[in-house]
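Student: Could you walk me through this structure? I am new to it and would like to go slowly.

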Amino acid sequence: MKFLFALIACIVLMTACVKNKFTTEPQIHIKSITPNTVFSGDVITVKSKYTDKEGDIDSVYVVYKWYNGNTVVRADTFRYVFDGLGVPPQITEADLDVTFEYNTGNIPHMQSLPGVFARDTTASFGLILIDKGAHRSSYSESDKIRLKKP
């Protein structure tokens, strides 16, 4: 009888500790951002990983913040249509690379970000996913990178 009780207790504990990473609300985690120092015309890549139970991601919102020390001096958001990022439809888990060009429009199909002011600054980038059911992920933000004045 003690063995049966111990077995049931172990099963209950194991199932209680397992987290389901696939939820109706998309989940995103930024893994890295490159390069660390960005010059005019450079391509910035934000590497992330996402999960979504239904695999119905519709949009990626990119939030960018330019800093002067610890103070945000410019912030904005732009939308990527998920279909344009090369991830097959109905995928519930994948790596996601969002790329954009800094301060120039040299690459016609790529989103271009505005340059900074007349001085160097730092910046961070955040991602939010929205699925076709209007479920929103939590916000995930990158480490800061250095933006060199144009």
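This is a predicted model: local features need pLDDT of at least 70, side-chain atom pairs count only at pLDDT 80 or more; totals for chains, interfaces and linings use all residues.

Student: OK, how many helices and strands are in the protein?

Tutor: The protein has one helix and ten strands, where helices (H or I, at least four residues) and strands (E, at least two) are DSSP runs numbered from the N terminus. Along the sequence the pattern is α-β-β-β-β-β-β-β-β-β-β.

Student: And what share of the residues is buried?

Tutor: Of the 150 residues, 36% are buried, meaning under 20% relative accessible area, with exposed being over 50% and partly exposed in between (1.4 Å probe, protein chains only).

Student: Which residues have the most contacts inside the largest nonpolar core?

Tutor: They are Leu96, Phe100 and Phe125, in a core of 30 residues; such a core is a set of buried Ala, Val, Leu, Ile, Met, Phe, Trp, Tyr and Cys residues joined through side-chain atoms within 4.5 Å. Strands that each supply at least two residues of this core include S1 (27-34), S3 (43-51) and S6 (93-102).

Student: What does phenylalanine 100 touch?

Tutor: Leaving aside residues up to four places away in sequence, phenylalanine 100 touches residues including Val62, Phe78, Met110 and Phe125, a contact being heavy atoms within 4.5 Å.

Student: Changing topic, is glycine 126 buried or exposed?

Tutor: Glycine 126 is buried, with a relative accessible area of 0%, and it is found in strand S8 (residues 121-131). Beyond residues up to four places away in sequence, glycine 126 touches Ile30, Tyr61, Val62, Val63, Tyr139, Ser140 and Glu141.

Student: Now the open sheet: in what order do its four strands come?

Tutor: The order is S1-S3-S6-S7, with mixed pairing; two strands pair if DSSP finds at least two bridges between them.

Student: Why is one side of S1 left without a neighbour in the sheet?

Tutor: S1 and strand S7 (112-113) stand at the edges, each with a single partner strand, so one side of each has no neighbour in the sheet.

Student: And how many bridges join S1 to S3?

Tutor: Seven bridges join S1 to S3, and the two run antiparallel; threonine 34 stands opposite threonine 45 in S3.

Notes
Residues are numbered from 1 along each chain as its sequence is written. Side-chain values use heavy atoms; hydrogens and water are left out.
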